[in-house]
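Load the model and keep the selection tool at hand.

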Amino acid sequence: MSNKQQDRQRLKEHLNCGTTEPFILRQEECDYCACYLLLYGLGGQLTMMWRFFCCKLAELCVFGALKNIFYRLAGVKIGCNVVIAPGVVLDYLSCNLITLEDGCVIGMGAMILTHEYTPSESRIGRVCIGHNAVIGARAVIRSGVTVGDGATVGMMSLVTRDVPPGATVIGVSAKELQR
């Protein structure tokens, strides 16, 4: 089995185990990124095109159930009474790794990313937004992050680690407000 096939198998196993820890592929170990492993072959490319199409249709919807239906078709796990404001960007490459639980609110222009690249590595990870959590406008949620139940992320914040339930975080990089 080639390195690409082994890495693809490792990625599948990692994503199927349900962990929110990101899968990291270091650039010194290989000459391809982790996202390449998702798109390997025609099936992966067609899946990505379908997700992209559904996410773009969802972005055209201002609010409501139709927006959530298109995101569900793309693979996003969405609970009841979820509000996704206009301009929200959900990572279409691997949006099946995003979970939006019941009652959460995603503010205008927020970004939820499930993959990312740095000069030394590429990462893919699940993102879970908990029950009744609020993500402020233009906030960015990085791959592998869980926002706890009832937590609040301030506008224009960059969330790089898990947010505990009920906490309020703000800033770049987001830090918890003291009560």
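Across the whole structure, three salt bridges turn up. A salt bridge here is a side-chain nitrogen of Lys or Arg within 4 Å of a carboxyl oxygen of Asp or Glu. This is a predicted model, where local features need pLDDT of at least 70 and side-chain atom pairs pLDDT 80 or more, while totals for chains, interfaces and linings use all residues. Residues are numbered from 1 along each chain as its sequence is written, and side-chain values use heavy atoms, with hydrogens and water left out.

**Stop 1: the charged network**

Select Glu116 and Arg142. Their salt bridge has its closest N and O atoms 2.8 Å apart. Glu116 lies in strand E8 and Arg142 in the loop between E12 and E13, so the pair ties together parts that are 26 residues apart in sequence. Helices (H or I, at least four residues) and strands (E, at least two) are DSSP runs, numbered from the N terminus.

Shared partners join Glu116, Arg123 and Arg142 into one network.

Which of these residues are buried, and which partly exposed? Buried means under 20% relative accessible area, exposed over 50%, partly exposed in between (1.4 Å probe, protein chains only). Arg123 is buried at 11%. Glu116 is buried at 15%. Arg142 is partly exposed at 23%.

Stay on Arg142. Its loop runs between strand E12 (140-141) and strand E13 (146-147). Show its contacts (heavy atoms within 4.5 Å). Not counting residues up to four places away in sequence, Arg142 touches Leu113, Glu116, Arg123, Val127, Val159 and Thr160. Val159 is 17 residues away along the chain, yet the two C-alpha atoms are separated by 6.0 Å.

**Stop 2: strand E9**

Select residues 121-124, strand E9. In a regular strand the side chains alternate between the two faces of the sheet. Here both faces are covered: Glu121 and Arg123 are buried on one side, Ser122 and Ile124 on the other.

Now show the neighbors. Strands pair if DSSP finds at least two bridges between them. E1 (residues 23-26) is joined to E9 by four bridges and runs antiparallel to it. Arg26 has Glu121 as its bridge partner. E8 (residues 115-117) is also antiparallel to E9, with three bridges. His115 stands opposite Ile124. E8 and E9 form a hairpin with three residues between them.

**Stop 3**

Move to Glu59 and Lys56. Their salt bridge has its closest N and O atoms 3.2 Å apart. They are three residues apart in helix H3, about one helical turn. Glu59 is partly exposed at 28%, as is Lys56 at 37%.

Next, select H4 (65-74). Its buried residues are Lys67, Asn68, Phe70, Tyr71 and Ala74. Gly75 follows H4, with a positive phi near 115°.

**Stop 4: the nonpolar patch**

Select Trp50, Phe53, Leu66, Ile69 and Leu73. Together they form a nonpolar surface patch with about 500 Å² of accessible area. Patch residues have over 30% relative accessible area and no salt bridge; like charges are joined within 9 Å, nonpolar side chains (Val, Leu, Ile, Met, Phe, Trp, Tyr) within 5 Å. Areas come from the Shrake-Rupley method with a 1.4 Å probe; for residues, only the protein chains shown count as cover. H4 gives the most, three residues. Trp50 sits in H3 and is partly exposed at 43%.
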